[in-house]
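The sequence and coordinates are shown here for reference.

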Amino acid sequence: MRIFDPHIHMTSRTTDDYEAMHAAGVRALVEPAFWLGQPRTSPASFFDYFDALLGWEPFRAAQYGITHHCTIALNPKEANDPRCTPVLDALPRYLVKDNVVAVGEIGYDSMTPAEDTALATQLQLAADHDLPALVHTPHRDKLAGLRRTLDVVRESALPVDRVLIDHLNETTVKEAKDAGSWLGFSVYPDTKMDEDRMVEILRTFGTEKVLVNSAADWGKSDPLKTRKVAEAMLKAGFDDDDVDLVLWRNPVAFYSLSGRLQLDAPPTDAATHEGNSILRGGA
Ligand SMILES: [Zn+2]
């Protein structure tokens, strides 16, 4: 089984996670730029983080046989902090990098005017750079958040079929599907979707343009949720091809809209061992 996790924050995860993910079948992932929990106080702090997403984290992932791409953006939460908003002006210099496969994650947190501006600005940047966009929906007031998100997308230069709307659930999936976006579901241990609810949604709404992610980060989360959804799908009567579509081909198709996804040449075992000694020697 091959698995592509289209939304996971490896910066916050350990090498044990990388090892377990590889053993579970994860061969590729996308790490969206996001909020690190600790508020950042200057744009320079973002730039170091973006550089890590472009350099250090792909190097770390490669040690475990996993291909790493990223998405770059000013996240919705920090879009409200005037110390952080100058990041918007610097984004073009990151959005031209080969390893950046979308603008994201963008969207709404508390649905403020500052978030309106950041969302509209970054959808325009995505259109300008010929990139798709990863747009998350707020954790509170989800349906209102989705509707406002879709309104801003429709007013933007970016076609809705180049947008992945993430953190969907039973209350939002239908409107997102009717709008024609890609459909992202984050499966968490306690909150949001679980495996069985995910399977029910797949039964009801089908597998087309559906992506499942672990969204694992610094909070309680599980980087193996993608695999667990695959197992639940098989148990519920979906076949191997359905699983491959949702857990591999759909994320590949969405991020391929960037024209930059590179999935060939996975590292060999020899390269993995050499990489580990480089890591230890250089630490
Ligand atoms: Zn995230």
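## Largest cavity

H4 contributes the most residues to the lining of the largest cavity, namely 4. Helices (H or I, at least four residues) and strands (E, at least two) are DSSP runs, numbered from the N terminus. A cavity is defined on a 1 Å grid over the protein atoms alone, as a set of points where a 1.4 Å probe fits but cannot get out; lining residues have an atom within 4 Å of a point. The model is a predicted one, in which local features need pLDDT of at least 70 and side-chain atom pairs count only at pLDDT 80 or more, whereas totals for chains, interfaces and linings use all residues. Residues are numbered from 1 along each chain as its sequence is written, and side-chain values use heavy atoms, with hydrogens and water left out.

The structure holds 1 cavity of 30 Å³ or more. The largest cavity contains about 40 Å³ of space, where a volume is the space filled by probe spheres set on grid points, joined across faces, edges and corners. The elements giving two or more residues to its lining are S4 and H4. The lining consists of Leu 74, Asn 75, Pro 76, Ala 79, Ile 106, Gly 107, Glu 115, Ala 118, Leu 119 and Gln 122. By class, the lining of the largest cavity has 6 nonpolar, 3 polar and 1 charged residues. Ala, Val, Leu, Ile, Met, Phe, Trp, Tyr, Cys and Pro count as nonpolar, Asp, Glu, Lys and Arg as charged, and the others, Gly among them, as polar.

## Largest pocket

The largest pocket has a volume of about 450 Å³. A pocket is an open set of grid points with protein on both sides within 12 Å along at least five of seven lines. Its lining has 21 residues, and Trp 35, His 136, His 139, Asp 217 and Trp 218 lie nearest the centre of the pocket. The lining of the largest pocket divides into 6 nonpolar, 8 polar and 7 charged residues.

## Helix H5

Helix H5 (residues 142-155) has 14 residues and spans 20 Å from its first C-alpha to its last, close to the 20 Å expected at 1.5 Å a residue. The expected span is 1.5 Å times one less than the number of residues. The buried residues of H5 are Lys 142, Gly 145, Leu 146, Thr 149, Leu 150, Val 152 and Val 153. The arc is that of the directions from the helix axis to the C-beta atoms. Buried means under 20% relative accessible area, exposed over 50%, and partly exposed in between (1.4 Å probe, protein chains only).

The face of H5 turned away from its buried side carries the exposed residues Arg 154 and Glu 155. The cover over the buried residues of H5 includes helix H4 (113-128), strand S5 (133-136), strand S6 (163-166) and helix H6 (173-179). Contact means heavy atoms within 4.5 Å.

## Helix H3

In helix H3 (residues 87-95), the buried residues are Val 87, Leu 88, Ala 90, Leu 91, Tyr 94 and Leu 95. Viewed down the axis of H3, these buried residues fall within an arc of 150°, so they line one face of the helix. Their cover includes helix H2 (43-62), strand S3 (67-72), S4 and H4.

## Backbone geometry

The peptide bond from Gly 104 to Glu 105 is cis, with omega near -10°. Glu 105 belongs to strand S4 (residues 100-107).

Met 111 is in the loop between S4 and H4 and counts as buried at 18% relative accessibility. Ala 215 is in the loop between strand S8 (210-213) and helix H8 (225-235), and is buried with a relative accessible area of 1%.

## Contacts of two buried residues

Tyr 18 is located in helix H1 (residues 15-24) and is buried, with a relative accessible area of 0%. Leaving aside neighbours within four places in sequence, Tyr 18 is in contact with Met 10, Leu 29, Glu 57, Arg 60, Ala 61, Tyr 64, Ile 66 and His 68. Tyr 18 and Ile 66 are 48 residues apart in sequence and 8.0 Å apart in space, C-alpha to C-alpha.

Thr 207 lies in the loop between helix H7 (195-205) and S8, buried at a relative accessible area of 17%. Not counting residues up to four places away in sequence, Thr 207 touches Leu 202, Phe 238, Leu 245, Val 246 and Asn 250.
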